[in-house]
Amino acid sequence: MAGSATTVGVLAVTATLAVGFVAAGAAAASSARAAGAADAAALAAADTASGLVAGEPCAQAADVAGRVGASLTACRIEGLIATVEVSLDVGPLAARARARAGPPPGAP
């Protein structure tokens with residue numbers, strides 16, 4: 001009887017750890033997706049702000065973020081520099097990311 005209780009305990013601990021590792025992996029993947037969406041949205045906004053692409057920079061950023069399932073939560077354009085924030089819903093939680101794109105500091 002004592003051996004079966006130990007076995008059940010070991011299985012319960014193993015199952016708990018497995019669920020934790022799966023949740024951590026899903027969170028990491030969602031975070032990476034949100035970061036990629038933010039990067040792409042910031043680049044789209046910066047390209048639009050520089051005149052390479054026609055349109056309004058924040059609208060372009062929202063469009064690009066939406067194409068990968070994220071939503072644009074903030075967009076700021078300062079000259080040719082675009083700073084955006086996106087949110088990606090993951091079940092009951094949301095992964096958030098921020099990105100900045102534009103010419104390097106000190107560029108003409």
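These legends walk through a few close-up views of a predicted model.

**View 1. Strands 2 and 3 make a hairpin.** Strand 2 covers residues 81-90 and strand 3 covers residues 93-101. The two run antiparallel and pair over 9 bridges. To find your way along the pair, look for Ala82, which sits opposite Ala101 in strand 3. At the turn, 2 residues separate the strands. One to spot there is Gly91, with a positive phi of about 65°.

**View 2. Thr83 sits in strand 2.** Is Thr83 buried or exposed? Thr83 counts as buried because its relative accessibility is 14%, and the cut-off for buried is under 20%. Leaving aside residues up to four places away in sequence, Thr83 touches Ala74, Cys75 and Arg76, and also Arg98, Ala99 and Arg100.

**View 3. A disulfide joins Cys58 and Cys75.** Searching the whole structure turns up 1 disulfide. The sulfur atoms of Cys58 and Cys75 are 2.0 Å apart, and the link is left-handed, with -85° about the S-S bond. What does the pair tie together? Cys58 belongs to helix 2 and Cys75 to strand 1 (residues 71-78), so the link connects parts that lie 17 residues apart in sequence. Cys75 itself is partly exposed, at a relative accessible area of 25%, while Cys58 is among the buried residues of helix 2.

View 4. Begin at the start of the helix, where a side-chain oxygen of Glu56 comes to within 3.3 Å of the backbone nitrogen of Cys58. Further along, pick out the buried residues: Pro57, Cys58, Ala61 and Ala65. Looking down the helix axis, these buried residues fall within an arc of 90°, so they line one face of helix 2. After the helix comes Gly69, with a positive phi near 90°.

**View 5. The largest nonpolar core has 18 residues.** Which residues have the most contacts inside this core? They are Ala41, Ala70 and Val86. For a closer look, zoom in on Ala41: not counting residues up to four places away in sequence, Ala41 touches Ala61, Val64, Ala65, Val84 and Val86.

Methods
Residues numbered from 1 in each chain as written. Predicted model: local features only at pLDDT ≥ 70, side-chain atom pairs only at ≥ 80, totals over all residues. Heavy atoms only, no water. Pairing = 2+ DSSP bridges. Helix = DSSP H or I, 4+ residues; strand = E, 2+ residues; numbered from the N terminus. Core = buried A, V, L, I, M, F, W, Y, C linked by side-chain atoms within 4.5 Å. Buried < 20%, exposed > 50% of the residue type's maximum accessible area, 1.4 Å probe, protein only. Contact = heavy atoms within 4.5 Å. Disulfide = S-S within 2.5 Å. Arc of directions from axis to C-beta. Polar contact = N/O pair within 3.5 Å; in protein donor to acceptor, adjacent residues only side chain to side chain.
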